Amino acid sequence: VTYLGKVSTTGMQFLSGCTEKPVIELWKKHTLAREDIYPANALLEIRPFQVWLHHLDLKGEATVHMDTFQVARIAYCTADHNISPNIFAWVYREINDDLSYQMDCHAVECESKLEAKKLAHAMMEAFKKTFHSMKSDGRIHRNSSSEEVSHGFESDDG
């Protein structure tokens, strides 16, 4: 994938279309500085509990630099964007040093629409496994219905 970057986003309700504006901003920055010599600059690995974004060097090999995202802090993901069907994006709750947080929209460009949709489905499966594990471990209290919590994470893949 090609990591397009991240931008802060506002709002607390993440519904269909909520990533459109941030993705357009990231897409414009990317196309202005586009270097098609080495289009794939990252590898996105989605697992229960964590998502790893491995950054690649110019030879396409993984570098030591990797971003880690906690699945439980991903509020929304989608592979349905008007600007390009090949974009997969997710909204992540980043916790700052002072314990405040901000919502960042991250986006990657995939080789195809199908690959973007596969990432959205993989993210949803990772969330389901993480949620069920946290619920069985008692980290999610029983008074929160699973339906309420699962609706907090929606995969909108068109």
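Where is the place of Phe49? Phe49 sits in the loop between β2 (42-46) and β3 (50-56), where helices (H or I, at least four residues) and strands (E, at least two) are DSSP runs, numbered from the N terminus.

Before I go on, this is a predicted model, in which local features need pLDDT of at least 70 and side-chain atom pairs count only at pLDDT 80 or more, while totals for chains, interfaces and linings use all residues. Residues are numbered from 1 along each chain as its sequence is written, and side-chain values use heavy atoms, with hydrogens and water left out.

Back to Phe49: its phi is near 75 degrees, a positive value in a residue other than glycine, and its relative accessible area of 32% makes it partly exposed, a term for values between buried (under 20% relative accessible area) and exposed (over 50%), with a 1.4 Å probe and protein chains only.

Another loop, the one between β6 (87-95) and β7 (101-109), holds Leu99, which is not a glycine and yet has a positive phi of about 70 degrees; at 70% relative accessibility, Leu99 counts as exposed.

Let me turn to Thr19, which lies in the loop between β1 (2-9) and α1 (20-32) and is buried, at a relative accessible area of 2%. Leaving aside neighbours within four places in sequence, Thr19 is in contact (heavy atoms within 4.5 Å) with Tyr76, Thr78, His81, Ala89, Val91 and Cys105.

Finally, the cysteines: the structure holds zero disulfides, a disulfide being a pair of cysteine sulfur atoms within 2.5 Å. For Cys18, which is in no disulfide, the nearest cysteine sulfur is that of Cys105, 7.4 Å away. Cys18 is partly exposed at 21% relative accessibility, whereas Cys77 is buried at 0%.
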